[in-house]
Amino acid sequence: MLVYVVKRLGHTVIIILSVLIIVFALLRLGGDPSAFLLPPDAPASAREELRVSLGLDQPIPLQFIRYLQEIASGSFGDSLRWRRPAIELILDRVPATLRLTGVAMAVSLAFALPLGIMAAVAAHRRRRWIDTLAMGFVLIGQSMPTFWFGLMLIFVFALTLRWLPPSGADGWTSLILPGVTLGFYSSAIVARLLRSNVLEMLSQDFVRTARAKGVREVTILARHVARNAAIPVVTILGLQVGTLLGGAVVTEYVFSYPGIGLLTLDAISQRDFPIVQGFVVLMALVITLINLVVDLAYAALDPRIRY
Amino acid sequence: MQTKWHWILILFLITLFSSTVQSQTPPAAIDEVTVVISRDVTTMDPQVDWTLDARNIWYNISGYLALHDRNMELRGELAESWEWIDDRTVRFHLREGVRFHNGEPFDANAVKFSIDRILYDEEAGSPWKSVISFVEEVIVVDDFTVDVRATGPVPTLAAQVGRMVIVPPGYITEFGNAHFAANPIGTGPFKFVEWVPGQRVVLERNTDYWRGPANIERVVFRAIPETFTRITELLTGRADIVVQVPEESVDQIEASADSRVVTVPSMQTVYLGLSAQHEPLNDPMVRQAIGHAINVQGIVDFIMGGYAQPTAGVLNSFIWGADPNVERPEYDPELAMSLLAEAGYAPGEIDIPLTFGTGRFIKDREVAEAISADLEAVGITATVTPMEWGVWQENYYADSLEGLFLMSWTATIGDPDDIFKFVESGRTGFTYFSSAALDDVIAKQLVTPEPADRLPIVQEAQQLIREHMALIALYDIETTYGVSNRIEWLPQPNDFILLHGVTPR
């Protein structure tokens, strides 16, 4: 088991490095921060001077090595526009995004659990229409682009009904619309998976045995089915964290929610390399570690799995 | 006897009390105004973040020597008057009795400190350094007179130096740049209260402002990049001034009882550039043909919905020296076709890209497509090629753009040189048009500070640009703002949101 964990951690480092190389190169091939750091009135010579002072005139591999050296000494560089350590700026915004992602996951489960289980039970009992209804709802959720869904929610709940604020981060009411936007898409995936797993469980021998013994349906569902169905669901939820964090970028933009997604989006359009690079490293780290945790949890839940 | 004295004492105290109450500034007529800008600021140092959104905050907190007003006349703020004392030095006469928010006096030392900070303070790192690099020395003549000497004759000296923000020397010397960048103070109508990055900047009224206190107690700036969300904030009454309102939202805002659309002809002009260094655009007849092929009025009416004006000549009409005698090329597709034939090109033979960086001005894609269609009608294939802004800029500065390109430009200080620099060889780093004659004229106007002498040279430059069709000015954009019906506010052509003059409606 320990060997497995160590090997996985090694993989993590390789993955992060690969992602970093790709993003590092792409950023430098696709634009120049000096054009954003100086007013358009500035002469071309000033831009060139700035490029040189930022080391951008060097070949990309050389720049990358210098960047690695910087990381080794503990810094991800200073944001070109904020003039503060990039990692500080990113970490400042992480709590906000975590709150958003937390709400999104709660929303996701709140939709997915009842829908998925209901659909599975209905399908098992040959009550087609509940199943179709639930899955239809889920399909709609999966087909709607986050951006558009967010705007629709603003239109209905902020503009027309005036129940909730359209943007910002003042208080818990600001978390509702972005949280639902972000969580809705993920709930679709979880609901479908849950439905198919629960359905499979319900026709298993051990369930028929429990029924024959006279155990109540609810208990069967809660105790026997749930635990078994939980395994793949935990996996998916873990993987969803990555999607949620990615989707948070779009959601944060639509709602002007001050998380790392918005910070990074702004940084990308302004070619603020250190922030984008720091964000990428952080995301790669979070996602690969969560995947590791999920795999270990898998082993804990299913006695058949041992590494 | 004692009762009488009591009454006199009470009367005296009442009089004393009411007089002190009256000498306090009455509360502002408007409690709070929320302004929604489109991009967040990245520092509170007013000499560092140069973007328009940030400057809207600075010009309410800080003072500056002079800035253009609604008629694009240079109006003195901290400088009462100025004059050229020789061909490269401007003497500014400063306003007396002005103080920074911490009580520090504003004087010639503050001006010297501020300009020197931009030019020499590496730690502060102001990006304006290269823009005012022509300043050789700032000389304190006396407490309220300061000379700015340039390395040569610079016609735009007063305007360029005038718009630089004046910062408090004592405060910065005592607390340092980093502290100032988080807690700025200035001489402006509003004082800094707080900045929550990503969320808001809050200012409060400066009751000691030398022009008199503003009518607003608190100002909140919020950055909301998504257009629909921005407009929703206005329509739900959570914002009072909202920038960049697209044409399709105008009806919705006007229909609401609580808000309206306010427009102002701006300094922003959309241009069509031609890479005249390459074939076939190196042929002046081809360029002329293109100029006559484009239906600018059509674009203004149908795409911009009337929120624009065809540019009169080569320069936006707010720019000093815009020559009324230089006319825009007339829309004449027949003429265009015959010019092309004369130049020896068969219809369909010319196939060039039409590039632009996305997101820089409203309806960029639609305008590009309209132009492409117009050109198609005269036998030129111009393939619309949108590029992400950073990528377009990259190509632009690397001198690798070919064919036609659309760009919008705001001549912030209203000086013609702001546009001329695009057609002078090598000045911006991207040379797509080169003419020795034009270069000479542009170089000459740059060193002729006396307006009377400079005007004919500036006009000559415009005539040459028009003759060569070096750059085609399409239309001047009207900037639209969404404004709450609670307040009365007048926008400016140079896009600055100045809040001192806001009154309740």
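1. Basis of the values. The model is predicted, with local features requiring pLDDT of at least 70 and side-chain atom pairs counted only at pLDDT 80 or more, whereas totals for chains, interfaces and linings use all residues. Residues are numbered from 1 along each chain as its sequence is written, chains are lettered from A and ligands numbered from 1 in the order in which they are written, and side-chain values use heavy atoms, with hydrogens and water left out.

2. Extent of the interface. Chain A contributes 43 residues to the contact and chain B contributes 44 residues, where contact means heavy atoms within 4.5 Å. The area buried between chain A and chain B is about 3,500 Å², and carbon and sulfur atoms give 55% of that area. Buried area here is the accessible area (1.4 Å probe) that two parts lose on being put together, summed over both. Asp41(A), Trp82(A) and Arg83(A) supply 16% of the area that chain A buries against chain B, more than any other three residues.

3. Asp266(A) forms a salt bridge with Arg39(B), with the closest N and O atoms 3.7 Å apart. Both residues belong to a network of salt bridges that links Arg81(A), Asp266(A), Asp272(A) and Arg39(B).

4. Composition of the chain A side. The elements of chain A that give two or more residues to the side touching chain B include α1 (2-29), α7 (146-160) and α10 (217-255). Helices are DSSP runs (H or I, at least four residues), as are strands (E, at least two), numbered from the N terminus. With 6 residues, α7(A) gives the most to this side.

5. Salt bridges within chain B. Over all chains, 31 salt bridges are found. Asp45(B) forms a salt bridge with Arg117(B), the closest N and O atoms being 2.8 Å apart. This pair links distant parts of the chain, 72 residues apart: Asp45(B) is in the loop between β1 (30-37) and α2 (52-61), and Arg117(B) is in helix α3 (residues 108-120). Asp45(B) is buried, at 3% relative accessible area, and Arg117(B) is buried, also at 3%. (Buried means under 20% relative accessible area, exposed over 50%, partly exposed in between; 1.4 Å probe, protein chains only.) Asp240(B) forms a salt bridge with Arg486(B), the closest N and O atoms being 3.0 Å apart. Asp240(B) is buried, with a relative accessible area of 4%, whereas Arg486(B) is partly exposed, with 41%.

6. Backbone geometry to inspect. Most residues other than glycine have a negative phi, and most peptide bonds are trans. Met72(B) has a positive phi of about 60° although it is not a glycine; Met72(B) lies in the loop between β3 (66-68) and β4 (74-76) and is buried at 10% relative accessibility. Met469(B) has a positive phi of about 50°, is found in the loop between α15 (451-468) and β19 (471-484), and is buried with a relative accessible area of 2%. The peptide bond from Glu279(B) to Pro280(B) is cis, with omega near -10°. Pro280(B) is placed in the loop between β14 (259-274) and α8 (284-293) of chain B.

Technical notes
Salt bridge = Lys/Arg side-chain N within 4 Å of Asp/Glu carboxyl O.
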